[in-house]
Amino acid sequence: MSTDVLGQIKEAETYKQQGNARFKEQNFRGALGSYHKVFCYVNGLQLPGEKSEASQYAEMMGRSASGPSVPPEKVEEVRKLKQSTHLNMAACYLKVGEHKKCIDACSKALAAGPLSKAFFRRGQAHLELRNLDEAKMDFEQARALEPNDPAIEKELRRLKAAFSQHDAKEKKRYAKMFSKMKEETKDEAEEQPEGSEAMKVDETAEAPTEASV
């Protein structure tokens, strides 16, 4: 059983390297295909304290489906393999413009532990989707882990510009809305007949006495 598990880990690492090579060739779709195959080999493996998707599904169905266990000396290696593969997939999704999938891949990478690149790439995806508050939180988390990274500072400047643009659009939208409301109020006033009962002074009412003032 242990030999089979080691063989699966080796196959997964081979596909990850294949994905890296395709990424360097800018074959991002091909790289994603290779990275997906990594999880075909490692998703069924049982890590201490971690439930695979298969075992979670089995529990929902009231069955037991614990996969083969990873040898203790390989546990950290497999954790890093899965985390780095999710991170590389996130980079591919950014390149092909699938920003929601990038966010999901980064979140899966972060489930294994905090990583500056995962926060950074998730922030980039949020920025492209104009989720500005979420992007700000991710970039700040990335900067906390890598305070001297110029790429993070560059994205924070882009974010600041996006906030300014958003605020300008909001001001313009509200100005247009209030202008329209003002025009509608003006039109209603012009449509009001001069002899309208609501506009007449009640000339029949007695003038108030000094005592009633």
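Colleague: What percentage of the residues of the protein count as buried?

Modeller: Of its 213 residues, 32% count as buried, where buried means under 20% relative accessible area, exposed means over 50%, and partly exposed lies in between (1.4 Å probe, protein chains only). Please keep in mind that this is a predicted model, in which local features need pLDDT of at least 70 and side-chain atom pairs count only at pLDDT 80 or more, while totals for chains, interfaces and linings use all residues. Residues are numbered from 1 along each chain as its sequence is written, and side-chain values use heavy atoms, with hydrogens and water left out.

Colleague: How many helices and strands does the secondary structure come to?

Modeller: There are 8 helices and 0 strands, given that helices (H or I, at least four residues) and strands (E, at least two) are DSSP runs, numbered from the N terminus.

Colleague: What is the reach of helix α2 set against?

Modeller: Helix α2, residues 28-42, has 15 residues and reaches 22 Å from its first C-alpha to its last, which is close to the expected 21 Å; the expected span is 1.5 Å times one less than the number of residues. Among the buried residues of α2 are F28, L32 and F39.

Colleague: Why does R122 count as buried?

Modeller: R122 has 17% relative accessibility, and therefore counts as buried; D138, at 4%, counts as buried too.

Colleague: Which side chain does E128 meet in a salt bridge?

Modeller: E128 meets R158, at 2.9 Å from N to O. Because E128 lies in helix α6 and R158 in helix α8 (residues 150-191), the pair ties together parts that are 30 residues apart in sequence. R158 also meets E155 in a salt bridge, at 2.8 Å, and these two, 3 residues apart in helix α8, are separated by about one helical turn.

Colleague: Is R158 buried, partly exposed or exposed, and what about E155?

Modeller: R158 has 35% relative accessibility and counts as partly exposed, whereas E155, at 6%, counts as buried.

Terms used
A salt bridge is a side-chain nitrogen of Lys or Arg within 4 Å of a carboxyl oxygen of Asp or Glu.
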